[in-house]
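Subject: Structure for you to look over

Hello,

Here is the structure I promised. My notes follow below it.

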Amino acid sequence: MTAPRGSAGANAANAVPERAEQSLRSTLLSTGYLRLLLLCVLLGIPISLACFFFVGLQHELQHWVWTSLPKAVGYGTPPWWWPLPALVLAGLILAPIVTRMPGRGGHLPVNGLGGAPVGPKALPGAVLAALATLPLGVVLGPEAPLMAVGSGLALLALRRAGPDVDPRASAILATAGSTAAISTILGGPVAAAVLLIEGAGLAGAQMVTLLLPCLLASATGALVFTGFGHWTGLRIGALGLPDVPPSTGPDAGDFLWGVPTAALIAVLITLARALGRRTVTWTEHRTALRTVLCATAVGVCVAAYALITGRSPAEAALSGQAALSELAAHPHALSVGALVALVACKGLAWGIALGSLRGGPIFPAVLLGTATAMACAGLPGFGATPALALGISAAAAAVTGLPLASSVLAVLLVGKDAHDQMPLIIVASVVSFVVAQVVRRGEPKAGAPAKAGPEAAR
């Protein structure tokens with residue numbers, strides 16, 4: 001007696017997930033994979049320590065440039081012209097790094113956080129570029145250099161293990177190292193893991209086998225990173241909002257204004273990225289000179305913000321962590337005019353920096369999105385708390401192209417108020433992602449840095 005065709009088809013369909021589950025189980029329980037997990041836990045400790053001291057040193061240098069040095073020469077806050085010599089110096093330092101050192105100082109920020117892992121040979125240039133220029137106010141964040149530190153140290157450890165290493169293990173370890181590094185400043189391993197899942201576009205067993213090492217490495221790194229912060233007393237400047245406006249559930253007015261605000265944020269972020277792509281093309285020739293000119297132009301934009309508003313140029317020059325915390329704690333501290341000036345001047349400077357300088361693109365974009373939303377928060381029926389939440393989510397989605405990871409990041413930053421704001425956070429993230437894709441359609445990709453091929457990753 002033969003089984004019905006429908007039954008045979010159902011059995012065949014059920015066999016597919018069963019085989020996938022068996023394959024996943026055999027991979028997870030294999031000796032090589034268990035060793036890989038243990039290695040990721042062990043790697044998370046030195047990587048997190050390196051990242052801790054990297055961010056701590058960068059923060060101390062930044063404090064010296066923008067607080068201690070102005071006071072030493074008689075200024076309570078940096079004068080409006082302070083960014084001009086600082087950014088010229090940044091350009092002069094960066095020019096030989098991008099033209100002569102392996103890896104050219106790391107990834108171009110206009111290309112996001114993607115690209116091949118930074119190997120040991122290119123790591124010194126990436127670290128030097130970040131430590132020498134981020135404190136001077138190049139309007140970029142530390143996230144991309146931190147990922148370079150993570151992947152570079154992981155690949156260096158793997159190279160010490162010998163030449164006969166599985167290429168797949170190398171890729172997993174490099175990704176785990178990057179995830180461990182970036183988790184230290186993105187609110188912990190959960191945000192970093194979601195960023196990895198969505199960014200890698202993986203699914204099923206493939207996702208699990210890559211996710212577990214990254215979670216272990218980043219969780220270990222976050223533990224060590226937090227512990228050293230308490231033990232040493234050093235401030236590390238991780239992205240966080242200690243204080244947020246009072247919790248209010250979003251209503252119809254918040255959605256009425258929130259959706260077009262999210263679309264506006266997406267347009268602004270995408271236009272700035274387009275400027276970055278044009279800057280890449282312009283700096284391909286006579287790179288050293290034009291790098292200095294771009295850094296000078298960034299300084300002019302930052303100085304213009306200080307002249308227009310009478311406020312400290314540091315608000316526009318630095319990555320945005322401190323300014324974002326200030327906006328969250330005191331949403332009405334900046335007038336609408338000051339917020340518009342911040343978006344215009346910092347947005348223009350950020351666009352130029354994306355295609356010519358070195359650093360991370362996410363932190364400044366989040367500040368630009370939040371400032372845009374806060375400038376709109378005075379509209380009838382639009383509250384400061386919903387504006388803060390949707391500004392973070394919409395900006396992160398526009399700059400990363402990862403709406404889920406952006407929503408998680410916004411939820412973690414908003415904290416206890418996130419439950420009420422979650423519907424608006426998700427809507428803003430999706431709207432911003434879709435609008436950014438529409439605006440970006442047909443836009444040419446920025447060229448990868450020359451001489452940053454396989455040699456840089458060795």
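Buried means under 20% relative accessible area, exposed over 50%, and partly exposed in between, with a 1.4 Å probe and protein chains only. By that rule, 52% of the 458 residues of the chain count as buried.

This is a predicted model: local features need pLDDT of at least 70, side-chain atom pairs count only at pLDDT 80 or more, and totals for chains, interfaces and linings use all residues. Residues are numbered from 1 along each chain as its sequence is written, and side-chain values use heavy atoms, leaving out hydrogens and water.

The chain has 17 helices and 0 strands (DSSP runs: H or I of at least four residues, E of at least two, numbered from the N terminus).

Look at Lys-346. Lys-346 sits in helix H13, residues 336–354. Lys-346 is buried but has no salt bridge (a side-chain nitrogen of Lys or Arg within 4 Å of a carboxyl oxygen of Asp or Glu). The nearest side chain of opposite charge is Glu-315, 9.4 Å away; Lys and Arg count as positive, Asp and Glu as negative, with His and the chain ends not counted.

Then the aromatics. The whole structure holds 3 aromatic pairs (ring centres of Phe, Tyr or Trp, the latter by its six-membered ring, within 6.5 Å; planes under 30 degrees apart are stacked, over 60 edge-to-face, the rest tilted). Phe-52 and Phe-53 pair edge-to-face, at 5.2 Å centre to centre and 85° between the planes. Phe-52 is buried at 0% relative accessibility. Phe-53 is partly exposed at 43%. Ring pairs also link Tyr-75, Trp-81 and Trp-82 into a cluster.

Best wishes
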